[in-house]
Amino acid sequence: MPIDIAFLAIAEAQQVFHWLPAALELGKRADVRVHILSPSRLILDLVASYDPEGRLDLIKLRRPSTKPDSLFRLPSRLATLLLNYRAIARFPTLVTTEITSAWLKRVPGFATRLILIKHGAGDRAGGYKQRHADFDLTIVAGEKDRRRMIGYGLCTEANCLVGGYAKFELRAPRRPLFDDDKPVLLYNPHFDPDLSSWVNHGPQVMAALEALRGWNFIIAPHVKLARRVPPIHSDSPHIRVDMGSRHSIDMSYTTSADAYLGDVSSQVYEFLLTPRPCIFLNLDHHDWREDQAFAHWRLGQVIDRADALQGALDRAADLQPGLVAAQEAAMQDSIDLSPVPASQRQAALILDFAQKAQA
């Protein structure tokens, strides 16, 4: 009897890349039927673009919204779950990368087993919420997340397993981002208003970027930032802004940039797949040195004024050799870089769990 496994795609497109490799891997098996559930036709089309053989069963859920379809502005997750409860609950095993689905556990009679692939590999405290505890199995990228999830009481050693970072398998290749040969700095601010360098200090940061010479700049914030701030704009020819596109989520920029500028985004670990200079903006003067939420700030320079950026860039090449060992160690702790592809490891964990659940 085939094993039915459903992947629930009710989050924005940036999360697709965290579960899609495992879904594609499971889709190769004759004894597994893989279903993709989403209220977004654009999300399903994105999935289909990676599945030319059509192994995945794409199911369009009802949309609790009349707003235009979008990769980055999906309808309310809770409303989507309620509107499509019967279509979702018929599957014995459900895989997701967002935690709103944990609310399904509160519905009397809900028997589906929930698997969470925890997306991202960052450090901020906001990545650990009580709803994480409602999942039957959690797959994390590396030992750091497993240690912290167990430490927070959100998982046990038995139901929190390391599966690597499958998004790396779909990353875009390195390519030129500008017409000249100047080095490229990626600025990647987060959306959290309490931690974001752009939300609180956007004009100062833009002024510093526009004043610098010798570098090109990609400003590609976390796509959720577009909901919180007006569109970022610059007329400077050495600055390109991407408030949300496929390039902003497929690692085009983290792969191709020469240096990283940010605050607390977990994308820094995607950037550090290849060790390179990092600069972090502490413009709100956080007391960060003993705070594990800022652990990644130990992997580069930390500056507390936007106008200090030029000096930090001037020092970056000389300082980088002394940071490589720390960057590599942090990466291995955050993301288990096993020679076995993460898609295969995650698929094996999901299938083993689903077989036991369906039995």
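How many bridges join S9 to S10, and in which direction do the two strands run relative to each other? Three bridges join S9 to S10, and the two strands run parallel.

## About the model

This is a predicted model, in which local features need pLDDT of at least 70 and side-chain atom pairs count only at pLDDT 80 or more, while totals for chains, interfaces and linings use all residues. Residues are numbered from 1 along each chain as its sequence is written, and side-chain values use heavy atoms, with hydrogens and water left out.

## The parallel sheet

The strands S10-S9-S8-S11-S12-S13, in that order, form an open sheet of six strands with parallel pairing; strands here are DSSP runs (E, at least two residues) and helices are DSSP runs (H or I, at least four residues), numbered from the N terminus, and two strands pair if DSSP finds at least two bridges between them. The edge strands are S10 and S13, each of which pairs on one side only. On average, neighbouring strands of this sheet are turned by 20° against each other, direction ignored.

Strand S9 (residues 216-219) is covered on both faces, since Asn216 and Ile218 on one side and Phe217 and Ile219 on the other are all buried, where buried means under 20% relative accessible area, exposed over 50%, and partly exposed in between (1.4 Å probe, protein chains only). Four bridges join S9 to strand S8 (residues 184-188), again in a parallel arrangement. Isoleucine 219 of S9 is the bridge partner of tyrosine 187, and isoleucine 219 also has valine 241 in S10 as a bridge partner. The bridge partner of phenylalanine 217 in S10 is isoleucine 239.

## The helix across the sheet

Together, S8, helix H6 (residues 197-211) and S9 make a right-handed β-α-β unit; right-handed means that, with the strands pointing away from the viewer, the path from the first strand over the helix to the second runs clockwise. Helix H6 lies across S8, S9, S10, strand S11 (259-262) and S12, and runs at about 160° to S8, with axes fitted to C-alpha atoms, for helices over the stretch in contact, and angles taken from 0 to 180 degrees between N-to-C directions.

A nonpolar core is a set of buried Ala, Val, Leu, Ile, Met, Phe, Trp, Tyr and Cys residues joined through side-chain atoms within 4.5 Å. Of the 36 residues in the largest one, Ile5, Phe7, Trp19, Leu26, Ile36 and Ile350 touch the most other members. Among the elements that each supply at least two residues of this core are helix H1 (16-27) and helix H11 (342-358), and H1 gives the most, with eight residues. A second, separate core of 30 residues includes Phe178, Tyr260, Phe271 and Trp288.

H1 and H11 pack at an angle of about 70°, with their axes 8 Å apart. That angle makes H1 roughly perpendicular to H11, because 65 to 115 degrees counts as roughly perpendicular, while under 35 is roughly parallel, over 145 roughly antiparallel and the rest oblique. Residues making the contact (heavy atoms within 4.5 Å) include Leu26 of H1 and Ile350 of H11.

## Two loop residues with positive phi

Methionine 251, in the loop between strand S10 (239-241) and helix H7 (252-256), has a phi near 70°, a positive value in a residue other than glycine. Histidine 285, in the loop between strand S12 (278-281) and strand S13 (301-303), also has a positive phi, of about 55°, although it is not a glycine. Methionine 251 counts as buried because its relative accessibility is 4%, whereas histidine 285, at 54%, counts as exposed.
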